[in-house]
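Please open the model in your viewer with the sequence panel beside it, and follow the stops below in order.

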Amino acid sequence: MPELPEVETTRRGIMPHVKGRRIMAVVVRQRQLRYPVPLRLKHELKNQIVYDVVRRGKYLLLCCDAGSVIIHLGMSGSLRIVARDTVAGKHDHIDICLDNDLCLRLRDPRRFGLLLWTRRNVMQHRLLRDLGPEPLTLDFDSEYLYQRSRGRRQAIKQFIMDSHNVVGVGNIYASESLFMAGIHPLRAAGRVALPRYVVLVDAIKRVLQQAIAQGGTTLRDFYYGDEQPGYFGQSLQVYGREAQDCRVCGSGIRQRRIGQRASYYCPVCQR
DNA sequence: AATCGCGCCTGACGGC
DNA sequence: TGCCGTCAGGCGCGAT
């Protein structure tokens with residue numbers, strides 16, 4: 001399940017092979033992703049130069065003069081750089097073939113991802129225009145999140161996972177950040193005081209930054225490689241550790257569902 | 001306006 | 001062995 005650090009690692013991994021290249025062809029083997037892959041993309045993308053590869057939240061954007069490709073990896077998606085004649089596997093749905101004999105290949109077994117094409121200003125696209133701030137920029141700060149949370153009864157975990165409030169905080173890192181900040185995931189967002197938002201915002205930034213730094217060590221795998229970068233390399237404090245000892249106080253880590261999602265926390269450290 | 005819950009889809013896993 | 005049921009999970013969207 002790619003979270004923001006995995007998407008950013010992907011962006012950095014494909015960038016050197018994609019940026020500045022001309023698109024020679026697009027192969028669509030499976031159209032049925034989250035939304036049907038638009039067929040007009042096949043001829044409208046041809047001969048376009050990819051002048052930049054941008055990330056917005058967990059979306060990746062291939063920016064061209066005529067428009068932009070919008071990609072989301074969903075639950076199980078990945079992008080690889082492969083040699084032009086590399087045989088496609090069962091779930092290799094789309095190839096974007098470049099003028100350097102390489103292809104950008106989208107694989108997505110569960111097909112929760114998407115690949116769209118827009119000719120308008122991509123940031124005005126309906127999937128992007130209402131997104132909250134990037135977590136690693138300065139405009140995402142405690143004052144912002146605090147003000148935004150006033151009057152909200154929603155659980156803090158759901159609040160920070162809502163992309164309208166801040167993008168890129170997925171299920172794993174939401175649990176991890178709340179543990180770091182000592183905040184119980186079920187606490188109402190509107191009942192968290194400003195000093196605690198200071199700690200929480202700092203925790204979100206740190207946990208994402210650390211994961212990106214670790215993802216960077218597997219960058220080489222994007223070229224002819226098959227290894228997944230990700231959070232497996234880092235030690236998670238609470239996620240997936242139900243009934244195991246809290247690394248801080250030794251209490252049993254609990255799991256419960258919050259808004260349909262598995263959530264992990266320490267009942268003693270988090271209030 | 002805020003919030004809740006659904007459903008897209010497949011692989012992994014456990015039970016028999 | 002192999003089949004089948006269950007579950008996970010990002011996120012947009014419709015319902016409340």
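**Stop one: two loops**

Begin by selecting Gln 260, which is found in the loop between S9 and S10, where helices (H or I, at least four residues) and strands (E, at least two) are DSSP runs numbered from the N terminus. Please keep in mind that this is a predicted model, in which local features need pLDDT of at least 70 and side-chain atom pairs count only at pLDDT 80 or more, while totals for chains, interfaces and linings use all residues. Residues are numbered from 1 along each chain as its sequence is written, chains are lettered from A and ligands numbered from 1 in the order in which they are written, and side-chain values use heavy atoms, with hydrogens and water left out.

Gln 260 has a positive phi, near 75°, in a residue other than glycine. Its relative accessible area of 64% makes Gln 260 exposed, given that buried means under 20% relative accessible area, exposed over 50% and partly exposed in between (1.4 Å probe, protein chains only). Most residues other than glycine have a negative phi.

Next select Arg 111, in the loop between strand S7 (102-107) and strand S8 (114-118). Arg 111 is not a glycine either, yet has a positive phi of about 55°, and with a relative accessible area of 33% this arginine is partly exposed.

**Stop two: helix H1**

Now select residues 4-18, the 15 residues of helix H1, which reaches 20 Å from its first C-alpha to its last, close to the 21 Å expected at 1.5 Å a residue; the expected span is 1.5 Å times one less than the number of residues. Of the 15 residues of H1, 13 are buried. Just after H1, Gly 20 takes a positive phi of about 85°.

**Stop three: helix H6**

Move on to residues 194-215, helix H6, whose 22 residues should span 32 Å at 1.5 Å a residue, which agrees with the 32 Å between its end C-alpha atoms. Colour its buried residues, among them Tyr 197, Leu 200, Ile 204, Leu 208 and Ala 211.

For a distance, pick the C-alpha atoms of Leu 194 and Val 82, which are 112 residues apart along the chain and separated by 48 Å.

Colour chain A by its domain assignment, domain 1 (4-124) and domain 2 (142-265), with bounds that come from an automatic or database domain assignment. The C-alpha centres of the two domains lie 28 Å apart.

Which residues are the closest to the centre of the largest pocket? About 1,100 Å³ of space lies in this pocket, and of the 40 residues that line it, the closest to its centre are Lys 58, His 72, Met 161, Gly 170 and Arg 261. A pocket here is an open set of points on a 1 Å grid over the protein atoms alone, where a 1.4 Å probe fits, with protein on both sides within 12 Å along at least five of seven lines, and lining residues have an atom within 4 Å of a point. Its lining draws at least three residues from each of domain 1 and domain 2, and H4 gives the most, with three residues.

Technical notes
Points joined across faces, edges and corners; volume = space filled by probe spheres on them.
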